[in-house]
Amino acid sequence: MSSLGVTVSTASGERTRRRRRFDAFPYLLLAPAALMMVIVNLVPIVQGFRMSMLKLNQYTLSQFMDAPYVGLRNYRGVLFDANNPVHSGMLGALRNTALYSLLVTVCAVAIGLGVALLLNRDFPGKALARTLLMLPWVVPTYVVGTLWGFMWQRDEGIVNHVLVDVLHLMDHKPFWLIGSNTFFAIVIPTVWRAWPVLMLIFLAALQAVPEELYEAARLDGANAWQRFVNITLPALKPVIVIQVMFQIIDNVYSYNIVAMMFGKGAGYPGEWGDLLMPLLTRQSFSYWRFGEGAAVSFVMMAVMLAFVAVWMKTFRRSMTDEA
Amino acid sequence: MWVMPVTTNAQHDVPALLAPWLAQHPGVTVRVTVLDWESGWNKITAAAASRRGPDLLELGTTWMPAIAAMGGLEKLSAAQLAEVGNGAPYYPELWKTTQVFGQPGVYGLPWYADVRAAFYRTDVFRQAGVDPKQAFADWDSFHAALKKINGTTVAGKRIAALAYAGKNDWNVVHNLAPWIWNAGGDVLTADAKHSALSSPQALRAIDFYSSLAVEGLVPSNALEKDSDILEGAWVGGDYGVIFSGPWLMRRIFESPAGSVVRANFDVAPYPAGPHGHATFFGGSNLAIFKGSRHKAEAWDLVKYLGGKAPQVQLALVSSMMPARIDAANDPAWTSRHPVYAKLTAIAADGRAYPPIPAWGPLESVYTKHLGQLAELSSGIADKYSLPAVKALIADTVVEADKVLEEAN
C-alpha cells in the first residue's frame, strides 16, 4: 500500500515537474510570425466580415466602419436578389469560373506532369531546356493578359496568323476576344503560365522516386505504361493532390489575366469571358458597393474553405503518403 | 499636390508650370505627386474617406461631384468665387462640373479640357470625291460619306471608313454620348434620378451608331481593340475617320515627318443629328482638399493655375485644351496649327455629363452593358437587331436605376 502510495506520489510529482518544465522558448520564436499572421490576416478578415454587414457605399464611405449596420441584408441581396447590381451576371460568372478552374487545372497538371516525365532523363542541354520552359511562369499575370490580348487579335494577332496563314488549320480567322471564344482566350494563357511551375514540382518529386523500383519492375517485365501507373503515379500522388488543390484555389481567384486582356479593367469581357473575381471587382468596387462586395468575398471564402476541408479529408491519407 | 499624367512627363512639366508662382511665394514648397488614371481613383477616395491627403489635387470632371459629396473637398467661398469672376472666364459646361447636381456650392476651378471631334484623312476624302464639309453636315450625309470612302485605296493601302472601340475600352460611354445627345436623347432624365437610355431618341442614336459596324463601315476587328490601339492605327493610316480628342495631335506630331496622315488630316464637329451637333466635353478640375492645412496657399495656387497664362502654357505642353475661353482663343494655342482653332470652335458645342455623385458607378454600368453592343454588331452570329439592342438597353436601365436609387 505504502509502496503503491509512494509510486502514485512519485508519478504525480513527475507530472508536476513536467508541467513546470514548460519551455517558452519555441513559443517566443514563433510569436513574431504569429503576431504578423494576426495583423495581416486575422484583423483584415474580421474587419472584412464586419464590412459585409454594413451599408458601405460611396455615401457612407467616410463613416467607414461606423456605416449603418444592415445585418445579413448584403448577403441576401448579392445571393438572391436578381435586381441587385452585384448579383447581375453572377450565375454566368460562376459557370465560367467552375469550367475555367477545372479545365485549367486538368490541362496544367497534365502538361506539367508530361513534360516533367520527359525531362526526368539525361540528355544534352537538359538544364537549359528546364530553364527556358520556366519562362512563361516568370511572366507576371497582368503582362500575360496584356500580351495575349494582342496575340488574340483577329487580324493582326499571331495566333490566327499561325492557325490560318501558316498551318492552314482553319479557313477563316475567328474572333477570340468577342463571342464564346473568349472562354478559350482566358483558359489557354492561364494554362500556358501555370504548367511550368507544376512541371518543376513534379520533376523534383520524380527525382525522389527510387530508381530500384523501376529496375525491379523492368526485371518483372513491366512496360513503360505499367511502370507509370504502378510506380510513378502512386509515388507522385501526394504532390498531385496538393497541387490540384492549389491550382483550383488559384484559378477560382483568377483576376489579372481577364482584367488585362479585356480593356485593362474597363467594362465587361462578355458572357463567356467573365469570372467571379473580375465580376466582384467591377460590380462592388466600380459600383462603390463595398459592403456587398465584402459579403460576396466572404461567401467565396466560405465556399473555398469548405472545398479545402472536403479535399483534405478525402485525400488526407494520400497527402501524408500513408496510402 | 496630386496630379494626373497630364503630359508625357508630368513630374517635370507640372513643377515647371508652378515655377512663376513659386518665385512669388518663396516660403512655399510644392511637392508634386503624379498619380495614374487607373489607381488614382482609389487613392483619392481613400484620402477623401480618411481626410488625409494633399493640399490640392486634380480631379477628372466626372470624379469631382463624388469626392465633393463625400465631403473630401473644400467649398469655395463667395469671396473666392468673386476673385475668379464667378466662373465667367470658363466654359459654362466645364464650370458646371465643379459643382454637385442640384446643390449649391462650387468646389474648384476647371484646369484643362478634353473635347472630342472627328479627325479625318483629307487625302482619303479627296480620293473618294467626298466633300468633308458636306460629309459631316448630318447623319445621313455622314453615313453616305462613310460608304463612299470605305475601301478607298490610298498609296496602295485599303482604308476602312471609321474606327471606334468596342467592349474592351474605357471610352464606351464618351464615344456614344454625343450621338445620343444629338438625337435629342440623354444619358439621364432631367432630374438625374433615372437612366434615359431607353428613350426612343437614345435608342435611335444607339442603333445608328451600332449599325455603322453592322454595315461594315467600322471594320469588325476594330471592335476588339481599345481607343489607344485604334488611335495608333489611325495615325498609321488604317482608317479614314476617328472620333478623338486633342491629345491625338501630339500623337500625330510624334509620327515620322514623312507620314501620310501627318500631312493629310483635319478635324470636323460631330455630324449634326436631329437635335444639333454637341460633342463630349470633359477634362480635369483643380480643388482644395478638405483636410488641407494650407488652404490659403492652396487656393492661391489653384487660382493661379486657373488663370489664362498658365492654362495656355499647360495646353502647349500637354495638347489638352484650355478650360478658359480666353485661353482657348489665345493665339499661342490657336495659331499652333489650324486644327487647334477648330477644336476651340467645336468646344462651343461641348456638353458634359450631369455632375452627379453617382456618375462613377453609373458610368461603370453603362460601360459594362453598352460595350456589349460590340458583341451584337461584330457579325459573329448575326445577332444584331433592334429588339436585341432594346433588350440590352432594358437590362442596362434596370441596373443603372438600381445604382442611382442609392443616390436618391
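Biologist: In this predicted model, how are α9(B) and α19(B) oriented to each other?

Modeller: Start with the axes of helix α9 (residues 172-182) of chain B and α19(B), which come within 9 Å and cross at roughly 85 degrees. Angles from 65 to 115 degrees fall in one class. So α9(B) and α19(B) count as roughly perpendicular.

Biologist: And which residues make that contact between α9(B) and α19(B)?

Modeller: By class, the contact of α9(B) with α19(B) has 5 nonpolar, 1 polar and 1 charged residues. From α9(B) come Val172(B), Val173(B) and Leu176(B), and from α19(B) come Glu363(B), Tyr366(B), Thr367(B) and Leu370(B).

Biologist: Let's stay with α19(B). Which element gives the most to the side of chain B that touches chain A?

Modeller: The whole contact takes 34 residues from chain B and 27 residues from chain A. On the chain B side, the elements that give two or more residues are α2 (37-50), α19 (359-370), α20 (373-377) and α21 (386-405). The top giver, with 6 residues, is α19(B).

Biologist: How do the residues on that side of chain B divide by class?

Modeller: Keep in mind that chain B brings 34 residues to the contact. They divide into 10 charged, 10 polar and 14 nonpolar.

Biologist: What is the bridge partner of Ala118(B) in β9(B)?

Modeller: Look at strand β5 (residues 117-121) and strand β9 (residues 239-244) of chain B, which pair in the antiparallel sense over 4 bridges. In β9(B), the partner of Ala118(B) is Phe243(B).

Biologist: Over to chain A. How many helices and strands does the secondary structure of chain A come to?

Modeller: Read from the N terminus on, the elements of chain A run α-α-α-α-α-α-α-α-α-α-α-α-α-α. The tally is 14 helices and 0 strands.

Biologist: Is chain A compact or spread out, and what is its radius of gyration?

Modeller: The C-alpha atoms of chain A fill a box of roughly 100 × 75 × 30 Å, taken along the principal axes. The globule rule gives 20 Å for 323 residues, and chain A is well over that, so it is more spread out than a compact globule. Its radius of gyration is 27 Å.

Biologist: How are α11(A) and α14(A) oriented to each other?

Modeller: Helix α11 (residues 224-252) of chain A packs with α14(A) at an angle of about 170 degrees, and their axes are 10 Å apart. Angles over 145 degrees share one class. Therefore α11(A) and α14(A) are roughly antiparallel.

Biologist: Which residues in α14(A) does α11(A) meet?

Modeller: By class, this contact has 11 nonpolar, 1 polar and 1 charged residues. From α11(A) come Lys237(A), Pro238(A), Val241(A), Ile242(A), Met245(A), Ile249(A) and Val252(A). In α14(A) they meet Met304(A), Val308(A), Trp311(A), Phe315(A), Ser318(A) and Met319(A).

Biologist: Last one: in which hand of crossing does α2(A) pass α14(A)?

Modeller: Helix α2 (residues 25-51) and helix α14 (residues 290-319) of chain A pack at about 120 degrees, with their axes 8 Å apart. They are therefore oblique to each other. The crossing is left-handed.

Note on methods: Residues are numbered from 1 along each chain as its sequence is written. Chains are lettered from A and ligands numbered from 1 in the order in which they are written. This is a predicted model: local features need pLDDT of at least 70, side-chain atom pairs count only at pLDDT 80 or more; totals for chains, interfaces and linings use all residues. Axes are lines fitted to C-alpha atoms, for helices over the stretch in contact, and angles run from 0 to 180 degrees between N-to-C directions. Angles under 35 degrees count as roughly parallel, over 145 as roughly antiparallel, 65 to 115 as roughly perpendicular and the rest as oblique. A crossing is left-handed if the near helix is turned anticlockwise from the far one by less than a right angle, and right-handed if clockwise. Two strands pair if DSSP finds at least two bridges between them. Two residues are in contact if their C-beta atoms, placed from the backbone, lie within 7 Å. Ala, Val, Leu, Ile, Met, Phe, Trp, Tyr, Cys and Pro count as nonpolar, Asp, Glu, Lys and Arg as charged, and the others, Gly among them, as polar. The radius of gyration is taken over C-alpha atoms; the globule rule is 2.2 Å times the number of residues to the power 0.38.
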